[in-house]
Amino acid sequence: MPDLPLSNPIMFHPARWKNWNAVVSGKLLGGVIAISSILLLWYVLSIAVKPWVPTPEDTVVAIWKNLLSTSFWGDFWLTLGRVMASFVTASIVGAAIGILIGMNEKAEAFLQPLLALALAVPDPVYIIFAILTFGTGETAGFVALTIAVSPFVSNIVRSSVQARDIGLDEMAKIYRLPKRVFFRQSLVPQLVPALLTAGRFAFALSWKLVVVVESIGQPDGIGASIFHSFRLLRMREVAATAIIFIVVMQLLERGVLGRIEKKLLKWRD
Amino acid sequence: MNTDTRETVLKVVDLGVSYGETPAIAQLDFEVKRGEFVAILGPSGCGKSSMLNVLSGLMAPTRGRVVVDGDELYLPRSKDPRLGYVFQAHRLLPWRTVRQNLEIVLGASDVPRDTWHARIDEILEILHIAEFKDAWPMRLSGGQRQRVSIARAILVDPSYILMDEPLSTLDEVTARSLRQELTGICQRTGATIVFVTHSIREAVYLADRIIILTRGPAQVFENYIVPLERPRDYDDARIAEVEADIVARVQAPWGLETVKERDVA
Ligand SMILES: Nc1ncnc2c1ncn2[C@@H]1O[C@H](COP(=O)(O)OP(=O)(O)OP(=O)(O)O)[C@@H](O)[C@H]1O
Ligand SMILES: [Mg+2]
């Protein structure tokens, strides 16, 4: 977006507004078409794969029932808590390791191969090993998720640290900025876009993996509830629970993280 | 030089810099007095940036001594010099406002906090950027950003200010107006300046003295006192005369063609 002054006549020209309306209705139309095709496909599938794919209207009823049930919300808050715990820990640990690798050549030589390995291991392997080590309590899920997510954060943050403006490093040295000031005022602000990307990624990965962890190794939570419904072959509940969870997580991802992003990057206008 | 009673701020003795086996600076000896405006003139690749790295405390020389206000740098116990540096690019923190940028360097200096406000206002006034105190650097023009960078350098009470072709990225009109103000700013603030440039005319216009270097690895070719009183006019015929005089002197040691084409035409 170019830096147009507010009084720019083009911005307020009626023709431009009309144009905007066209864009909005175009987007709207696209959305409507997309949703109707999904619904249509869903109907076709529900007829073709008869008992296993529930019909949309059955699912809507199930969603409504879920929203009114206390046991759903109990599972929901439990799972959200688990997502947040791993997400926050993985972000902090991952960012710290990423900065360390990016700033320090010795740390890079030592940790970079470990990081490459950690990125290559499939997530279920962490989950299985964590359960074998810690049993099926809270710790296993927390450890597995944190170990699975933080290497991604480290990797994104590391490349951003290495791509930093060396000119600002020199400036900080010449004006003798203390390390603490250099980190806060020069380094971390340069990492903000990468940290936001890493945060989004970590959040998305956390809430997708938490469902797997819960279904394999936990007696409660959204994942366990989905797995339970699946074992009883109640596919309506499976779909309903999954849909609510996905929608809320998407809203959090876009709404909250998007707002933080806007605030942190306001100097770019 | 014998009549100059001002104290010595910077003393460079038998300085040599090599990268591995390759020499970048053969030998440099010179002094800079308090309040002096010294231009360093040398052909590309002769070792000017290497010299600035040494004078700014960033890189230890291979040989020789650098003494700033009586303290020798690069000894195991020597303290960091208090310097200003105006880089080719502005090197401001784009996510901090002009005032915040200045406060950050003041926070790392010995300037008492209760005087910051007045100092910042005064220096921004002198540099004609007072109204941009709370602006983001990205909102400023290139010339305004470079003014902020100059303000930052003067603000911390430096022993001297190093400038590495600070006007070379600006358009000619902006460069002219900043050039014109730079000498006035130095007189008003008493700053000591070491100014590296490719442009002979710029050096003649700005400096009290020009240290002309040889082709790399650098040596001092000549200590040239600019024989012009102030204020000076950039388009004055006498500036052109001095410029021509210097061109004539450096033709042989620098290699004639490049000098003529780039700096005189
Ligand atoms: N880090 C380095 N490693 C090896 N050689 C270097 C390094 N920095 C500079 N040199 C060499 O040292 C010599 C002097 O370089 P320097 O950058 O100091 O010149 P300069 O006078 O600043 O040139 P210019 O006017 O083009 O900026 C050059 O031959 C350059 O190739
Ligand atoms: Mg250079």
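1. The shell of ligand 1 consists of B:Tyr19, B:Ala24, B:Ser44, B:Gly45, B:Cys46, B:Gly47, B:Lys48, B:Ser49, B:Ser50 and B:His198, a residue being near a molecule or strand if one of its heavy atoms lies within 4 Å of it. Helix α1 of chain B, residues 48–55, provides the largest share of this shell, with three residues. Helices (H or I, at least four residues) and strands (E, at least two) are DSSP runs, numbered from the N terminus.

2. This is a predicted model, in which local features need pLDDT of at least 70 and side-chain atom pairs count only at pLDDT 80 or more, while totals for chains, interfaces and linings use all residues. Residues are numbered from 1 along each chain as its sequence is written, chains are lettered from A and ligands numbered from 1 in the order in which they are written, and side-chain values use heavy atoms, with hydrogens and water left out.

3. B:Ser44 places a polar side-chain atom 2.6 Å from an oxygen atom of ligand 1, and B:Tyr19 has a polar side-chain atom 3.4 Å from a nitrogen atom of the ligand. From B:Gly47, a backbone N or O atom lies 3.0 Å from an oxygen atom of ligand 1. Taken alone, ligand 1 exposes 640 Å², of which the protein buries 53%; accessible areas come from the Shrake-Rupley method with a 1.4 Å probe, and for residues only the protein chains shown count as cover.

4. Chain B contains an open sheet of ten strands with mixed pairing, in the order β5-β4-β1-β2-β10-β9-β3-β8-β7-β6. Two strands pair if DSSP finds at least two bridges between them. Strands β5 (71–72) and β6 (83–86) of chain B stand at the edges with a single partner strand each, so one side of each is left without a neighbour in the sheet.

5. Strands β1 (residues 8–19) and β2 (residues 22–33) of chain B run antiparallel and are joined by eight bridges; B:Val12 has B:Phe30 in β2(B) as its bridge partner. The two strands form a hairpin with two residues between them, and B:Gly20 in the turn has a positive phi of about 65 degrees. B:Tyr19, within the span of β1(B), also belongs to the shell of ligand 1.

6. Parallel pairing occurs elsewhere in the sheet. Two bridges join β2(B) to β10(B) in parallel, with B:Ile25 opposite B:Ala218 in β10(B). Strand β6(B) runs parallel to β7 (residues 160–164) of chain B through four bridges, and B:Gly84 stands opposite B:Ile161 in β7(B).

7. Two helices of chain B lie across strands of the sheet. Helix α4 (residues 142–155) lies across β6 and β7 of chain B, at about 170 degrees to β6(B). Helix α7 (residues 237–254) lies across β3 (37–41), β9 (209–213) and β10 (218–225) of chain B, at about 160 degrees to β10(B). Contact means heavy atoms within 4.5 Å; axes are lines fitted to C-alpha atoms, for helices over the stretch in contact, and angles run from 0 to 180 degrees between N-to-C directions.

8. The peptide bond from B:Gly216 to B:Pro217 is cis, with omega near -10 degrees, and B:Pro217 lies in the loop between β9 and β10 of chain B. A cis bond also links B:Arg230 to B:Pro231, with omega near -5 degrees; B:Pro231 is in the loop between β10 and α7 of chain B. B:Arg91, in the loop between β6 and α2 (98–107) of chain B, has a positive phi near 55 degrees although the residue is not glycine.

9. An unreviewed UniProt entry lists "domain: ABC transporter" for residues 10–240 of chain B, a span that is 31% helix and 27% strand. For chain A, an unreviewed UniProt entry gives "domain: ABC transmembrane type-1" over residues 76–256, which are 89% helix and 0% strand, with end C-alpha atoms 18 Å apart. UniProt positions are given in the numbering used here, feature names are shortened, and annotations may be inferred rather than shown by experiment.

Note on methods
A polar contact is a pair of N or O atoms within 3.5 Å; within protein, one must be able to donate a hydrogen and the other to accept it, and residues adjacent in sequence count only if both atoms are side-chain atoms.
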